[in-house]
Amino acid sequence: MMTQSLQNGFTLDNHYLQDLKGPVPLPTQYAPSLGVHRGSCPVEPHKDQEIQRHRSAQAAPLLGSCRGKTPAPMDVQMCQSIQPCHADHQGDLSAGQLLKWMDTIACLAAERHAGMACVTLSMDDIQFEETGRVGQVITIKSKVNRAFTTSMEVGICVSVQDVRERVERLVCVAYSTFVGKPAGPQKVLLRPVEDLCSAEEQLQHSLASERRRLRLYNEQTFSTLLQDYHTLANGVCSRRDPLSAVSTEFTRVESIELVLPPHANHHGNTFRGQIMAWMENAATVAASRLCGCFPSLRSVDMFRFRGPSSVGDRLVFKAVVNNTFNNSIEVGVRVEAYNCEEWTANKPRHINSAFLIYQLANTPGDVPAFPQVTYTTQDGERRYLSAIVRKRIRMARKHILSCKEEAPLSVPWDKSNQVYLGYNNVAALTVLAGKQDWEASSISDRVAVYVHEEVELLCVQVQMEVMTSALHAFTLLADLTLRPLWDKHYLSCEEVERADEEETVYHIKCPPINGGKSRDFVFLLSKRQPCKDGDPYVVALRSVTVTTVPPVEGFLRSEAKCAGFLIHSLGLNSCKVCYYNQVTSGVLPYVAGNLAGWSKSMEETASACTTFLERDLITTLF
């Protein structure tokens with residue numbers, strides 16, 4: 001067993017999270033069928049591969065094949081009519097009730113695949129799109145997306161339908177992690193998911209591995225980002241008005257529940273869906289104390305189950321608002337369990353934690369906003385900064401795992417529409433730079449990185465303080481053929497067509513990232529000098545389509561919607577260079593590491609750019 005540090009500073013004693021980090025003991029029940037000796041010795045890596053192939057061969061006749069035979073259905077479905085007892089005070093389906101149904105259906109899908117009792121480790125990425133109301137019908141579908149060595153991911157999709165309509169609307173999606181419940185201390189090996197007939201099944205099977213990879217990186221990423229945000233603490237807190245900010249201690253809620261037989265599941269332990277419902281109730285009360293109304297639950301960062309509880313236990317729920325953002329609020333909930341002896345001795349067991357994200361309901365003419373909060377204790381400061389880091393990680397996960405197809409972003413290039421394209425190119429960059437509420441990601445002596453998110457829109461900004469004149473920096477940055485000298489993401493840059501002194505088309509080739517394909521871009525560069533004192537120099541970029549540059553074999557043609565530099569003069573020999581990029585699917589691989597917290601490539605590239613610009617000689621002319 002291992003002890004894994006988690007986001008909120010507590011520890012988890014759970015050996016199931018190790019199943020990708022080394023060989024696993026082979027359970028006794030698999031020994032006869034796999035032809036290996038009984039015992040507790042670890043299985044060697046090459047033996048583990050042979051076992052996996054043998055298991056696949058054994059499972060094939062049971063599951064059938066997409067060609068010829070009809071595979072056994074592995075999804076599980078539940079339909080529920082929403083009754084008044086399932087609703088909250090507003091007549092909407094209670095989020096706690098929905099979580100109970102979701103946990104039930106996910107457990108049944110996991111047990112159907114494993115053929116044995118299963119245990120929930122976590123429920124992640126819960127996103128509530130809307131809610132149901134009394135009289136409507138809720139449909140919950142669950143299916144195992146992928147089985148790893150000893151754990152499996154179960155996908156959950158919830159939709160609602162009015163009895164008078166035939167169209168179903170999406171309510172919620174979530175992903176749960178399960179393991180087989182072992183009879184002893186050894187792990188249970190799971191058979192792989194096979195017969196992926198549809199494109200959606202294949203996509204979810206692939207994304208399950210990516211979601212798991214991000215979860216395993218989460219601990220290291222969280223620690224790294226938390227250190228960065230500690231250095232930003234003074235700047236972050238200075239934006240809070242101490243006179244109007246509310247102390248997070250004011251929102252603390254503590255509630256206790258006695259586990260009775262109706263609260264137990266079919267394994268004899270406390271039903272974890274019931275625990276989640278109780279947690280949601282405590283978190284909603286904490287959030288309502290801050291905003292003076294009942295906000296809507298929009299997502300859950302993670303329900304992490306650290307240990308079981310049973311009938312007769314006393315469960316204490318502790319909830320508190322960790323931080324507020326522009327249009328959301330994070331509430332942390334901790335669950336402690338006591339049996340009779342532990343209750344008397346005041347020795348709790350930490351069995352669960354979660355972070356719930358709330359939003360205010362949109363009303364016509366009103367801008368949803370939560371009161372600002374501040375902290376008054378050291379623990380409050382930890383939770384305050386940790387909430388910022390988790391928001392950053394959620395943002396990265398959302399965009400890294402996004403599967404939405406983008407419409408073509410490139411526009412046809414022709415000299416006849418040169419003036420129009422050049423104007424739009426510069427105007428788009430100016431509008432991007434004028435956006436408000438940029439959030440600091442990292443700040444050093446001369447380089448600062450900021451991010452900005454609006455629904456599906458993600459933008460990055462890099463600010464550099466350069467000890468050279470603004471004209472000198474503009475001259476170098478406006479010549480894109482020089483960029484491979486300082487940007488490692490540029491393999492080559494060739495001039496395709498020069499329309500005039502202000503518009504030029506370039507073809508850029510970029511290296512592969514994380515084992516992906518090499519990419520290439522066709523950019524229109526539009527440069528403008530200041531019209532009056534105080535205006536910045538502008539170097540704007542966007543993708544265009546040029547008939548003379550067809551797709552290149554071995555490269556994935558990608559697109560950028562808006563990017564470029566604004567260069568502000570600070571003095572005779574100093575300037576501020578601001579780089580902006582509206583992230584697209586083609587650009588995302590090159591910034592994903594920075595967003596997720598496991599890379600500093602943007603800071604490194606900015607430092608290289610600063611060094612390059614501070615050279616004494618100008619190597620290009622207008």
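Select glycine 292 first: just after helix H6, this residue takes a positive phi of about 75°. The model is predicted, with local features requiring pLDDT of at least 70 and side-chain atom pairs pLDDT 80 or more, while totals for chains, interfaces and linings use all residues. Residues are numbered from 1 along each chain as its sequence is written, and side-chain values use heavy atoms, without hydrogens and water.

Next, select residues 272–291, the 20 residues of H6. Helices (H or I, at least four residues) and strands (E, at least two) are DSSP runs, numbered from the N terminus. From first C-alpha to last, H6 reaches 29 Å, close to the expected 28 Å; the expected span is 1.5 Å times one less than the number of residues. Of its 20 residues, 17 are buried, so H6 is largely enclosed by the rest of the structure. Here buried means under 20% relative accessible area, exposed over 50%, and partly exposed in between (1.4 Å probe, protein chains only).

Turn now to the salt bridges (a side-chain nitrogen of Lys or Arg within 4 Å of a carboxyl oxygen of Asp or Glu). The whole structure holds 30.

- Select glutamate 454 and lysine 435, paired at 3.5 Å, N to O. Glutamate 454 lies in strand E17 (447–454) and lysine 435 in the loop between helix H9 (418–433) and strand E16 (439–443), 19 residues apart.
- Select aspartate 535 and lysine 532, a salt bridge at 3.4 Å, N to O. Aspartate 535 is partly exposed at 29%, whereas lysine 532 is exposed at 56%.
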